[in-house]
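Visitor: I have some questions about how this chain is put together. Could you walk me through the structure?

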Amino acid sequence: MEQHILIIEDDRTLNAGIAFALEKEGYAVHSALSLLEAEKRLDRKMNLILLDVNLPDGDGRDFLQNMLAGQPVPVICLTALDTEEDMLQGFRAGCDDYVTKPFSMPVLVMKIKALLKRSEGTSRQIYCSGELVYDFDDKTLKRHDSAVELTALEVRLLEYFIRNRGIVLTRENLLDKIWDAQERYVEEKTLNVNIRRLRKKIEDNPEEPRHIRTVFGIGYKWEDN
């Protein structure tokens, strides 16, 4: 089975160089130059992520703690910060390995192979909250042990809410992240309709939702139950 690797690195030359080396090894490579781009790539299940610590729109370690928390995907942090405390912060944030720049490309590739081999057989990426069970691998949702049919856009919306649970998401933020299957921009009216439909499918009482809470004047927040 083809393995997918996401490279989150703002240095275009380095990003392209790593991608070239990994593609030669037969991996499917996805590249992002910022955390914003990386979030959009997470629609696809990744087998491993290479994460630069210093990115133009934030700290990679914060991304690791907030966006990747609880997910079984292995992460290798890339950074020019090579002090012991910098490395400890990376491991505390949840990274599996730490590579300091400049580094040997063959050594990086060997580290990736070793980490992927160790991670084989890792448990599936499943989210459970109260009556809801969502399988990120199969993109299937069960409520009270019964299958719930979701459209492609509802899947994207649900996954984005779950990955950002506890965080208030503005409508602008959701509109920027949620695209349809052809990656066409979703209008606010379509977003509102899909949130209402999703609530009807996952909430006991859609008028008083326990999962997708409205934050008046701002947007929405997903809460675990």
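Visitor: How many bridges join E8 to E9?
Guide: Happy to start there, with the reminder that this is a predicted model. The two strands, E8 and E9, run antiparallel. Within this pairing, Ile126 stands opposite Asp135 in E9. The number of bridges joining E8 to E9 is four.

Visitor: Which strands stand at the edges of that sheet?
Guide: The sheet is open and has four strands, paired antiparallel in the order E8-E9-E10-E11. An edge strand has a single partner, so one side of it is left without a neighbour in the sheet. The strands placed this way are E8 (126-129) and E11 (146-148).

Visitor: What does the twist average from one strand to the next?
Guide: Here we stay with the open sheet of four strands, E8-E9-E10-E11. From one strand to the next, the twist averages 25°.

Visitor: At about what angle does H6 run to E9?
Guide: Helix H6 lies across E8, E9 and strand E10 (140-143). Taken against E9, the angle of H6 is about 105°.

Visitor: Which element gives the most residues to the largest nonpolar core?
Guide: That core has 24 residues, and Tyr134, Leu157, Phe161, Leu174, Ile195, Ile212 and Trp222 have the most contacts inside it. Two or more residues come from each of strand E9 (132-135), helix H6 (152-163), helix H7 (171-177), helix H8 (188-202) and strand E14 (219-222). With seven residues, the element that gives the most is H6.

Visitor: Which residues does Leu174 touch, leaving out those up to four places away in sequence?
Guide: Leu174 is among the residues with the most contacts inside the largest core. Beyond its sequence neighbours, Leu174 touches Leu157, Tyr160, Phe161, Leu169, Leu191, Ile195 and Tyr220.

Visitor: How many residues are in the second, separate core?
Guide: Leu35, Ile49, Leu64 and Met67 are included in this second core, which is separate. Its number of residues is 21.

Visitor: Which peptide bond is cis, with omega near -10°?
Guide: Most peptide bonds are trans. The place to look is the loop between strand E7 (97-100) and helix H5 (105-119), where Pro102 is found. The cis bond runs from Lys101 to Pro102.

Visitor: Is Asp145 buried or exposed?
Guide: Asp145 sits in the loop between E10 and E11, and has a positive phi of about 65° although it is not a glycine. His144 is placed in the loop between E10 and E11 too, with a positive phi of about 55° and a relative accessible area of 47%, which makes His144 partly exposed. For Asp145 the relative accessible area is 72%, over the 50% cut-off, so Asp145 is exposed.

Visitor: With which side chain does the side chain of Glu131 make a polar contact?
Guide: Glu131 lies in the loop between E8 and E9 and counts as buried, at 11% relative accessibility. Leaving aside neighbours within four places in sequence, Glu131 is in contact with Lys142, Arg143, His144, Ile202, Arg210 and His211. The polar contact, at 3.1 Å, is with the side chain of Arg210.

Visitor: Is Glu9 buried or exposed?
Guide: Glu9 is placed in the loop between strand E1 (4-8) and helix H1 (12-24). Residues that Glu9 touches include Leu14, Asn15, Leu33, Asp52, Leu55 and Leu78. Its relative accessible area is 1%, under the 20% cut-off, so Glu9 is buried.

Visitor: How far apart in space are Glu9 and Ala32, C-alpha to C-alpha?
Guide: Along the sequence, Glu9 and Ala32 are 23 residues apart. Ala32 is also one of the residues that Glu9 touches. From C-alpha to C-alpha, the distance is 6.4 Å.

Visitor: With which side chain does the side chain of Glu9 make a polar contact?
Guide: The side chain of Glu9 also reaches a backbone nitrogen, that of Asp11, at 2.9 Å. The side-chain partner, at 2.8 Å, is Lys101.

Terms used: Residues are numbered from 1 along each chain as its sequence is written. This is a predicted model: local features need pLDDT of at least 70, side-chain atom pairs count only at pLDDT 80 or more; totals for chains, interfaces and linings use all residues. Side-chain values use heavy atoms; hydrogens and water are left out. A nonpolar core is a set of buried Ala, Val, Leu, Ile, Met, Phe, Trp, Tyr and Cys residues joined through side-chain atoms within 4.5 Å. Buried means under 20% relative accessible area, exposed over 50%, partly exposed in between (1.4 Å probe, protein chains only). Contact means heavy atoms within 4.5 Å. Two strands pair if DSSP finds at least two bridges between them. Axes are lines fitted to C-alpha atoms, for helices over the stretch in contact, and angles run from 0 to 180 degrees between N-to-C directions. A polar contact is a pair of N or O atoms within 3.5 Å; within protein, one must be able to donate a hydrogen and the other to accept it, and residues adjacent in sequence count only if both atoms are side-chain atoms.
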